[in-house]
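Try each task before you read its solution.

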Amino acid sequence: MIQHVTDPVLEVHDLTVSYQRKPVLWDVDLTVPKQALVGVIGPNGAGKSTLIKAIMGLLPLNSGYVELFGKPLDEVREKVSYVPQRESVDWDFPASALDVAMMGTYGSLGLFRRPGAKQRQLAMEALEKVGMQDFAHRQISQLSGGQQQRVFLSRALAQDADLYLMDEPFAGVDIATETAIIELLRQMRETGKTVVVVHHDLQSAQDYFDWIILLNMRLVASGPTDETLTPALLEKTYGGRLTELSRVSELLHKKNFPIRETKPPRK
Amino acid sequence: MNLDAFWIILTGALVAICCSLLGCFLILRRMAMVGDAISHAVLPGIVLAFLFSGSREVWTMLLGAALLGVACTFLIEFFHKKANVPADASIGVTFTWLFALGIILISVYAGQVDLDQDCVLYGEIAYVPLDIWITPSGLNLGPRTVWIIGGVLVVLLLFIGLFYKQLYLTSFDPAFAAAIGISTTLWYYLLMGAVSLTTVAAFESVGAILVVALMVGPPATAYLLTDDLKKMLLISAGLGTLASAGGFYLALWLNGSVAGAISVVIGLQFLLVFVFSPSHGLVSRRRKPALSAQG
């Protein structure tokens with residue numbers, strides 16, 4: 001089930017990517033509509049992060065191409081924002097939350113201009129949107145995992161793009177942060193933005209996204225959520241492992257167990 | 001203070017500022033030992049420059065050294081990225097090999113090369129005032145080394161001042177930097193070029209070991225004192241300057257090596273801060289649990 005759209009925000013055409021000659025993505029061909037919340041879903045090692053990195057031009061492509069807003073990335077870089085995995089950086093780095101948020105404005109500054117009052121203002125507004133304004137001057141190692149993730153999001157918001165690509169923004173965050181982030185993503189969609197999110201929790205995927213990309217090295221499906229999150233397609237994506245998975249998630253659904261441990265409020 | 005002492009301290013301070021500014025970016029990239037690598041890897045460059053030009057003219061030597069310095073960083077990055085060798089192993093294998101090559105060259109051409117590897121490793125900052133730059137008209141401009149290092153410092157201040165945001169972002173989050181169109185490769189090589197330039201300009205007078213000490217010591221100490229990179233740069237430059245002045249007088253008092261004394265002062269600074277730093281020190285870390293228990 002691969003549904004293509006006309007006038008896509010993101011088009012991936014016949015994309016193949018490999019690490020050390022071992023293919024990670026094979027012949028992926030998909031389009032993503034405007035103003036959508038898109039979930040990229042698949043088992044571990046399915047190439048979800050690789051797909052995002054390949055779209056952002058961070059990996060060499062073996063074949064195929066990527067177009068954003070109908071153009072190559074270099075022509076529309078300021079309209080595209082990337083949120084890397086939280087573990088990809090050193091959080092002991094000497095920087096405050098505001099410093100990190102301000103990095104989102106660097107792309108618009110060119111080679112020589114330094115961030116000034118206007119960039120500081122934009123960064124502060126971005127921190128407010130994620131509820132982190134009170135922590136602006138806190139050193140980033142003194143933030144909790146969820147707060148660090150919010151700071152990462154604020155950096156992308158400060159960039160004020162039209163398409164956002166987020167790598168596992170819900171990994172290792174508390175439930176309050178997850179709710180706050182998804183609320184924010186919905187607001188962003190209302191203002192016409194498109195958000196692509198790498199996600200691995202099948203249960204919440206149903207509620208969160210209106211467009212789903214099912215990936216397991218090959219593209220299994222790409223289309224509206226109710227047409228893609230079907231038992232048959234999930235079976236195809238997860239292979240044998242799904243039967244167990246779906247039984248567990250059904251159980252969770254019925255008994256209404258919390259899927260994550262909630263963090264006690266910090267004093 | 002006599003004039004010689006002034007020149008020696010000034011040279012030490014200029015080298016210290018250059019090294020510690022760059023060192024801040026290096027330790028944040030977990031590449032602190034790159035300074036060590038470059039300062040050793042330049043040896044074959046110096047010997048080859050000497051063998052090809054046949055003179056001990058300082059500019060050809062500097063050029064040979066700088067070329068090898070950049071080649072060294074290129075090899076480190078190549079082994080690390082293309083062959084997936086861990087960064088520290090890649091640094092280690094590259095510079096020991098290049099340094100050994102230099103030693104073999106010196107020993108093979110011993111008769112023709114008036115070079116001494118001890119001089120490369122340890123330098124001699126006390127000789128700085130002996131090499132005076134005198135213009136053709138007879139004007140005494142002071143030691144040549146001071147002018148060379150001073151020039152390098154101006155270049156570095158411009159480099160860091162103009163491109164602070166690029167250096168900051170590519171050190172913190174290379175993937176995001178690349179995503180917004182800031183080339184991580186370009187800024188890596190520009191930074192490594194700056195490290196090469198500084199090392200080459202500095203090691204002739206202060207020696208490779210002191211260059212390494214200044215590149216790692218003051219930034220590591222400053223790292224324990226602040227959570228802000230701009231302050232870290234200022235503090236480490238200050239600590240480096242203090243160490244070179246303190247080291248000079250320590251050496252005078254002990255009648256010992258100036259470079260050695262400066263390194264000792266750097267080590268003492270680090271120990272003091274490690275114990276007493278208000279945020280990261282041993283003492284404050286001990287006391288913190290007690291304080292929060294009261295509050």
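The exercises below use a predicted model, and each solution goes step by step.

**Exercise 1.** Work out whether the length of helix H4 (residues 117-129) of chain A agrees with its residue count.

*Solution.* Start with the 13 residues of H4(A): at 1.5 Å a residue they should span 18 Å. Now check the ends, where the C-alpha atoms are 19 Å apart, which agrees. Just after H4(A), look for A:Gly131, with its positive phi of about 70°.

**Exercise 2.** Find out how the buried residues of H4(A) are arranged around its axis, and what they pack against.

*Solution.* First list them: A:Gln119, A:Leu122, A:Ala123, A:Ala126 and A:Leu127. Next, the partners: the buried residues pack against helix H3 (97-103) and helix H5 (145-158) of chain A.

**Exercise 3.** Decide whether chain B is as compact as a globular protein of its length.

*Solution.* Begin with the make-up of chain B: twelve helices and two strands. The radius of gyration of chain B is 20 Å, close to the 19 Å that the globule rule gives for 295 residues, so chain B is as compact as a globular protein of that length. For burial, 47% of the residues of chain B count as buried.

Methods:
Residues numbered from 1 in each chain as written. Chains lettered and ligands numbered in written order. Predicted model: local features only at pLDDT ≥ 70, side-chain atom pairs only at ≥ 80, totals over all residues. Helix = DSSP H or I, 4+ residues; strand = E, 2+ residues; numbered from the N terminus. Expected span 1.5 Å × (residues − 1). Buried ≥ 20, exposed ≤ 12 C-beta atoms within 10 Å, placed from the backbone. Arc of directions from axis to C-beta. Contact = placed C-beta atoms within 7 Å. Rg over C-alpha atoms; globule rule 2.2 N^0.38 Å.
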